[in-house]
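Try each task before reading its solution.

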Amino acid sequence: MSAEDLKSFIRDVPDFPKVGIMFKDITPLLRNPVALEKTMRLLAEPFHNEGITCVAAIESRGFIFGSCVARILNCGFVPIRKPGKLPWTKRRYEYELEYGTDVLEIHNDAVDATDRVLIVDDVLATGGTMGAAAALVSDLGAHVSGIATVIELAFLDGRRKLTGDAKFHTLLTY
């Protein structure tokens with residue numbers, strides 16, 4: 001099964017979460033064990049020799065992929081969460097959305113200057129959330145070595161919000 005074959009496991013849901021949006025639903029992919037395993041391996045593949053010390057993933061669907069990729073790469077996992085979900089001292093990053101702002105948080109001791117981090121999420125859309133996650137990791141002194149997503153919505157040009165020298169890898173582009 002190739003990355004392109006995985007498209008058959010992505011369901012289009014029109015007008016969700018609001019009219020005019022074509023939502024890319026990953027739940028059929030998650031339900032199929034062969035497609036799910038292939039997705040995890042393909043996400044991890046370009047980073048096997050990059051010295052990744054931990055995978056950070058964005059709540060909540062990113063956790064599904066990020067934790068499995070961390071296991072494949074034999075490294076630790078760091079959750080990046082919405083506000084109020086982390087129990088320890090944390091750093092927060094507020095970022096702009098099309099219509100307002102949002103916030104992500106990470107524990108202050110989650111990563112440090114010795115870490116080479118791969119950030120994983122299900123979708124790169126406008127880039128605001130991924131840019132915020134990368135800023136949090138960088139603010140703690142770690143190097144963002146890579147960014148991996150299952151889907152990139154290229155027409156939204158989210159890559160423009162990603163800065164630095166991180167290797168970008170996506171499996172499916174729409």
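**Exercise 1: the surroundings of a helix**

Task: find what covers the buried residues of H4.

Solution. The cover includes strands E3 (54–58), E4 (76–80), E5 (90–97), E6 (100–107), E7 (116–124) and E8 (143–152), where contact means heavy atoms within 4.5 Å. Helices (H or I, at least four residues) and strands (E, at least two) are DSSP runs, numbered from the N terminus. This is a predicted model, in which local features need pLDDT of at least 70 and side-chain atom pairs count only at pLDDT 80 or more, while totals for chains, interfaces and linings use all residues. Residues are numbered from 1 along each chain as its sequence is written, and side-chain values use heavy atoms, leaving out hydrogens and water.

Next, count burial (under 20% relative accessible area, 1.4 Å probe, protein chains only). Nine of the twelve residues of H4 are buried, so the helix is largely enclosed by the rest of the structure. Among them are Gly-128, Met-130 and Val-137.

**Exercise 2: checking the helix length**

Solution. After H4 comes Gly-141, with a positive phi near 95°.

**Exercise 3: a residue and its neighbours**

Task: which residues does Leu-73 touch, not counting those up to four places away in sequence?

Solution. Leu-73 touches Ala-44, Phe-47, His-48, Ile-52, Val-55 and Leu-118.

Notes. Buried means under 20% relative accessible area, exposed over 50%, partly exposed in between (1.4 Å probe, protein chains only).
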